[in-house]
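I set out to record what I looked up in this structure, entry by entry.

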Amino acid sequence: MKNTFILLILFVAACTNPAPNTQGKLSMLEMDHKWVVVDEQKTVLYDVFLYDNGPDAPADGLYRIVKDGKIGYADESTNAIVIEPQYDCAYPFENGKAKVSTNCKTVKDGEYDVWESDAWQFINKTGGQ
């Protein structure tokens with residue numbers, strides 16, 4: 001009986017103590033007039049790319065992010081970075097591809113800003129070409 005009780009306790013302990021999640025839950029929230037993603041301790045991990053006065057809308061399951069002045073991509077369901085920020089200009093994904101450049105400039109076109117580059121490339125959802 002004593003051994004059965006000990007086994008039961010060990011079984012319950014094993015079932016109720018899942019392996020720790022190293023990254024934890026990431027959340028998107030508005031902070032100081034911008035959208036950011038934070039960890040469980042509310043540490044800002046990166047900014048969400050602003051588009052049309054709000055956070056970038058997910059496309060093909062990813063949205064654009066900004067870190068240290070560069071653009072990358074994060075997963076819409078987990079907010080985890082999928083493609084590290086490394087681009088100066090980056091469009092949303094469409095049909096599994098995104099148009100990006102590491103050498104571009106922002107130019108005024110009437111009331112809008114547009115990106116211009118002679119070095120556009122297309123990447124897939126893992127960052128490869």
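**Entry 1: strand pairing.** I took two strands as paired if DSSP finds at least two bridges between them. Helices (H or I, at least four residues) and strands (E, at least two) are DSSP runs, numbered from the N terminus. On that basis β9 and β10 run antiparallel and are joined by 2 bridges. I noted A90 opposite V100 in β10.

**Entry 2: basis of the values.** The model is predicted: local features need pLDDT of at least 70, side-chain atom pairs count only at pLDDT 80 or more, and totals for chains, interfaces and linings use all residues. Residues are numbered from 1 along each chain as its sequence is written, and side-chain values use heavy atoms, with hydrogens and water left out.

**Entry 3: overall content.** I found 1 helix and 13 strands in the secondary structure. Along the sequence, the pattern reads α-β-β-β-β-β-β-β-β-β-β-β-β-β. Of the 129 residues in the protein, 28% are buried; buried means under 20% relative accessible area, exposed over 50%, and partly exposed in between (1.4 Å probe, protein chains only).

**Entry 4: the open sheet.** Which strands make up the open sheet, and in what order? I read 3 strands in the order β9-β10-β13, with antiparallel pairing. β9 and β13 (121–123) are at the edges with a single partner strand each, so one side of each has no neighbour in the sheet.

**Entry 5: nonpolar cores.** I counted as a nonpolar core a set of buried Ala, Val, Leu, Ile, Met, Phe, Trp, Tyr and Cys residues joined through side-chain atoms within 4.5 Å. The largest has 14 residues, of which Y73, F93, V100 and I123 touch the most other members. At least two residues of this core come from each of β7 (70–75), β8 (81–87), β9 (89–90) and β10 (98–101). As background, nonpolar side chains tend to be buried together in soluble globular proteins.

**Entry 6: the largest pocket.** I used a 1 Å grid over the protein atoms alone: a pocket is an open set of points where a 1.4 Å probe fits, with protein on both sides within 12 Å along at least five of seven lines, and lining residues have an atom within 4 Å of a point. The volume of the largest pocket is about 390 Å³, taken as the space filled by probe spheres set on the points. Its lining includes F49, R64, Y91, T106 and W115. β4 (50–51) and β12 (112–116) are the elements giving two or more residues to this lining, and β12 gives the largest share, 4 residues. By class, I recorded 8 nonpolar, 1 polar and 3 charged residues in the lining; Ala, Val, Leu, Ile, Met, Phe, Trp, Tyr, Cys and Pro count as nonpolar, Asp, Glu, Lys and Arg as charged, and the others, Gly among them, as polar.

**Entry 7: aromatic pairs.** Rings of Phe, Tyr and Trp (its six-membered ring) pair if their centres lie within 6.5 Å; planes under 30 degrees apart count as stacked, over 60 as edge-to-face and the rest as tilted. I found 4 aromatic pairs. The ring centres of Y91 and W115 are 5.2 Å apart with planes at 75°, so this pair is edge-to-face. Y91 is in the loop between β9 and β10 and W115 in strand β12, 24 residues apart. Is W115 buried or exposed? W115 counts as buried at 19% relative accessibility, and Y91 is partly exposed at 30% relative accessible area. The rings of Y91 and W120 have centres 5.5 Å apart and planes at 50°, so that pair is tilted. W120 lies in the loop between β12 and β13, so its pairing with Y91 ties together parts 29 residues apart in sequence. One aromatic cluster is formed by F49, Y91, W115 and W120.
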